[in-house]
Amino acid sequence: MTDMEKSDSAQAVAPGTATEKKQPIVDLKSKPDQLHEYREEEGYIVDVDSEDADAGLKLAKDGHTRLIPQPSDDINDPLNWSWWKKHIILLVISWTAFTPDYGSAAGAAVLIAQANEWGMSPDHVNRSQAGNVAMLGFGGVVAVLLVAYFGRLPVSFWFILLSAATAAWCAAANTFESFMAARILNGFFSTIMQVVGLIFINDIFFFHEKARKINIWAGFFVMSPYVGPLFSSFIVTTQHWSAAFWLYFAMVASALLLIIAFLPETYYDRTIPASEQPKGSHISDLIGISQWKSRHQRNTFGQAIWRTVSVVMKPTVLLACLFYVLTFAWAVGINTTLAILMSGPPYEFGAKQTGFFYFTPVVAVTIAEVVGHYLYDFIAKQYIRSHKGHFEPEVRLRATFFAMPFVIVGLVLIGQGFANTWHYMGLSVVWGMYVFGMMITTVALSSYCLDSYPEASGEVSAWLNFARTLGGFIISYFQVEWFTTRGPAESFGIQAAICGASMIIIVILLKWGKAMRLWAGPLKFITS
């Protein structure tokens, strides 16, 4: 036991009762100010003189980057875990976040086969798709509420267990009604790591590392809705449509096994002594016994509800979500209806041709991953150097000025391509432009909201995910009709105009975002 741990143990024992165990005494009024080192007035102090290390300030290996948050001396502090352990966790949460949108979009490629089997129109069968997308958003909000009360790991485990069960139900369904019920429930349970993943990243990585880690995690779930129909399109050319969902079930089951084997509970409260941190076996952490025993150290259920509501009431979060609705909706709309759009003249794509077409966004996301790996750090470091080591969250939004021209031009050219019957390779390139831009934008928005409210990593992620899926849910209901009645040039042109107009929101956040955060005040949660 280290000297600090001995000191912590001494603080937890009442005088004269050395063997008596007591609940930790925490000043709830002052605790919110201890949860993170971000202050609205001055932003983050990231870069400091190496002399500050002599004063006990912990720095990164470069000798001048301040570790935010400052880790404790406890080896069980997630910030002190090894590089390998942290990145295994990152891989597990990223793979799990990959599965919900994969399964959701896999249904888009089997719509025609299901319509033929059940004697329905593809547009009618697409309602199961819309229901699934809607629950991806709603499920994330409920999940983060439960995580605030029950803990990260057990809620993740039980949700993914139920996701695996409902994925098997999707594959085994033999009527549309049964399939739609399974799809709705699967959407609700499967989405959790698209939300809670940001909590895990916030728990185990330092401030200067987070943008790149978010880039990896987001890359998985932004790419997944394109890999789903890619695989499913090839499968339905030789197999029954249910085979596509049995593959999805296998993927969710593998994520469940990885969670059981490698994912620990990452909640750690640095405001209490190391000796009073919740402790338990991996199995008790997994199913929630340990977290239930230590629930007095976290939020009440009422506080968990208020956390979720209060975050979206912050004007900067609300504006970021509005921007996401207005820009990402078209990604979901295109993806869920592409098989229908491309099956008609002049392209008359079959399942195999549609599958090949989905290589485009996969390549686009991969390129965005590589570009983003350097772009986010370049923007941040440039600002820090020119502002004497300080950093403001709004700086993250500068990446959108690089990304949105690809989004706007991509949408315009998609409309022109359909209207003027371009070669499908031309459509492929301009679709890739849009996807590339949205990948960059997704990471910028996630990083901005996390930096603004680091104690609410799950809540900001939940609302961004809700915004992403809400837009897709709405657009999927009228995308095909809009395309056919108003024409592709007009429909996609309007979408591009909406994306262009939405940049007003980014300008507002860049100019007045800090003032709005100061006006709204801090969240003052008692736990991160």
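Predicted model: local features only at pLDDT ≥ 70, side-chain atom pairs only at ≥ 80, totals over all residues.
How much space lies in the largest cavity? About 150 Å³.

Residues are numbered from 1 along each chain as its sequence is written, and side-chain values use heavy atoms, with hydrogens and water left out.

**Stop 1: the largest cavity**

Select Asp101, Pro225, Val332, Asn335 and Arg468, which lie nearest the centre of the largest cavity among its 15 lining residues. A cavity is a set of points on a 1 Å grid over the protein atoms alone where a 1.4 Å probe fits but cannot get out, and lining residues have an atom within 4 Å of a point. Grid points are joined across faces, edges and corners, and a volume is the space filled by probe spheres set on the points. The structure holds 5 cavities of 30 Å³ or more.

Now show helices α2 (83–109), α4 (122–150), α8, α13 (315–343) and α18 (457–486); each supplies at least two residues of this lining. Helices (H or I, at least four residues) and strands (E, at least two) are DSSP runs, numbered from the N terminus. The largest share, 5 residues, comes from α13. By class, the lining has 8 nonpolar, 5 polar and 2 charged residues. Here Ala, Val, Leu, Ile, Met, Phe, Trp, Tyr, Cys and Pro count as nonpolar, Asp, Glu, Lys and Arg as charged, and the others, Gly among them, as polar.

**Stop 2: Arg468 and Asp101**

Keep Arg468 and Asp101 selected: their side chains meet in a salt bridge, 2.7 Å from N to O. Arg468 sits in helix α18 and Asp101 in helix α2, so the pair links distant parts of the chain, 367 residues apart. A salt bridge is a side-chain nitrogen of Lys or Arg within 4 Å of a carboxyl oxygen of Asp or Glu. The whole structure has 11 of them.

**Stop 3: the largest pocket**

Select Ala60, Asp62, Thr65, His208 and Glu209, the closest to the centre of the largest pocket among its 29 lining residues. The pocket holds about 810 Å³ of space. A pocket is an open set of grid points with protein on both sides within 12 Å along at least five of seven lines. Helix α8 (207–235) gives the most to the lining, with 6 residues. The lining divides into 13 nonpolar, 5 polar and 11 charged residues.

**Stop 4: the loop between β1 and α2**

Go to Pro69, in the loop between β1 and α2. A cis peptide bond joins Ile68 and Pro69, with omega about -5°. Next select Gln70, which lies in the loop between β1 (44–45) and α2. The Gln70 side chain reaches the backbone oxygen of Leu67 at 2.7 Å, and a polar atom of that side chain lies 2.9 Å from the backbone nitrogen of Lys58.

**Stop 5: Lys388**

Select Lys388, in the loop between α15 and β2 (390–391). Lys388 has a positive phi of about 55° although it is not a glycine. Most residues other than glycine have a negative phi.

Technical notes:
Polar contact = N/O pair within 3.5 Å; in protein donor to acceptor, adjacent residues only side chain to side chain.
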